[in-house]
Amino acid sequence: MTAAPPEAEALIERRGRAGVVVLNRPRALNALTLTMVRLIADGLDEWERDGAVDRIVILAAGERAFCAGGDIRRLYDLGRAGDHDAQLTFWREEYQLDRRIKTYPKPIVVLAGGITMGGGVGLMMNAAHRVVDERFVFAMPEVGIGFFPDVGAAWFLPRLKHRAGVYFALTGLRADAGDALALGLAETFVASAALPALAQALEGDEPVKAALARFAAPPGRSALISEAEDIEACFSRPDREAILDALRHAERRGRAFAAPARAAMLEKSPTSQAIALRQMTLGRAADFDQALRMDYRIVSRICRGHDFYEGVRAVIVDKDNRPQWNPPPSPAEVDAYFAPLDVGELTFPARGG
């Protein structure tokens, strides 16, 4: 494989035994573009056929972020121009890449230092091995821009301990490295100063699991896990209003998580929260492919709606942080987001080999 030029949005290189992906938009917090998605997919195809490559490593340039999500401003501009086909091309290929990572026949190791949100979570959570450092910040903040937790979140969030996935989906709040290890978002903590040495070790002959174990260190304490039972009690309620009521009572009992969670929920799109809560319910019984097809059905409707554009306007474009959301949807309106598409359901083409 010919190495990408140093200014490429993603560097795709073979280094020893490893196929290495470097997300290379540090000034944009390594936000994913369609170009990046295609470069990574092509690299995975090439390395699957290469017998000299027996593991994949995905990491990022810069100190601030692994990947802050998709390039939302670009997707907003496409939608405002009415180019929904271009929007859906990105989401379709992103979801196909997430599945490629999930089902890849060689171990994929993600070194997630710094901000990891949205599409970056899709890259991380679907990999075989998830490594975080003390800079790590996790969030699925989509309900704050009138979007929804996608990239397979309907599969992995409901499977987190203590209903933490519902908490993250409805509030958009963050987790640190200690939370990530305690709740099952990550499996290995490595100090940031040791990540370059780990990346180099992964290029050699040492087995992947042995290298990860050699560099692993204890994470910091998780604040969320200390309130896990109360989080679970609140976020097991059946709908948004019941959850808000439970959080109000938890706040009165002095539970530290409750007031920030309730305040966050009250700021976010009620439509997005209704969609997310339905995802969390359906996702518990869905397989991964079904979760991604669910994502694609939802995004095919949400990109033609109101709240996504209003949320991006308020948070990213005008930055007034005063979105005017649509009223809470009826159950029938929520159902419509999940209905089969008339044409163009998400498919998973065979690649590599």
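Is Asp 77 buried, partly exposed or exposed? Work through the exercises below on this predicted model.

**Exercise 1. Classify Asp 77 and find its salt-bridge partner.**

Step 1. Take the relative accessible area of Asp 77: 34%.
Step 2. Apply the cut-offs: buried is under 20%, exposed is over 50%. Asp 77 is therefore partly exposed.
Step 3. Look for the partner. Arg 73 forms a salt bridge with Asp 77, with the closest N and O atoms 3.2 Å apart.
Step 4. Classify the partner. Arg 73 has a relative accessible area of 37%, so this residue is partly exposed.

**Exercise 2. Locate the two ends of the salt bridge between Glu 203 and Arg 15.**

Step 1. Check the distance. The side chains of Glu 203 and Arg 15 meet at 3.9 Å, N to O. The cut-off is 4 Å, so the pair qualifies.
Step 2. Place each residue. Glu 203 lies in the loop between helix H8 (195–201) and helix H9 (208–215). Arg 15 belongs to strand E1 (residues 10–15).
Step 3. Glu 203 is partly exposed at 24%. Arg 15 is partly exposed at 28%.

**Exercise 3. Work out how the residues of H9 divide between its buried side and the face turned away.**

Step 1. List the buried residues of H9: Val 208, Ala 211, Leu 212 and Phe 215.
Step 2. Check their directions. These residues cover an arc of only 95 degrees around the axis, so they lie on the same side of H9.
Step 3. Turn to the face away from the buried side. Lys 209, Ala 213 and Arg 214 are the exposed residues there.
Step 4. Identify the cover. The buried residues of H9 are covered by elements including strand E3 (55–60), strand E5 (108–112), strand E7 (129–132), strand E10 (188–189) and H8.
Step 5. Follow Arg 214. Its relative accessibility is 51%, so Arg 214 counts as exposed. The side chain of Arg 214 meets that of Glu 206 in a salt bridge of 2.7 Å, N to O. Glu 206 is partly exposed at 23%.

Notes. Residues are numbered from 1 along each chain as its sequence is written. This is a predicted model: local features need pLDDT of at least 70, side-chain atom pairs count only at pLDDT 80 or more; totals for chains, interfaces and linings use all residues. Side-chain values use heavy atoms; hydrogens and water are left out. Helices (H or I, at least four residues) and strands (E, at least two) are DSSP runs, numbered from the N terminus. Buried means under 20% relative accessible area, exposed over 50%, partly exposed in between (1.4 Å probe, protein chains only). The arc is that of the directions from the helix axis to the C-beta atoms. Contact means heavy atoms within 4.5 Å.
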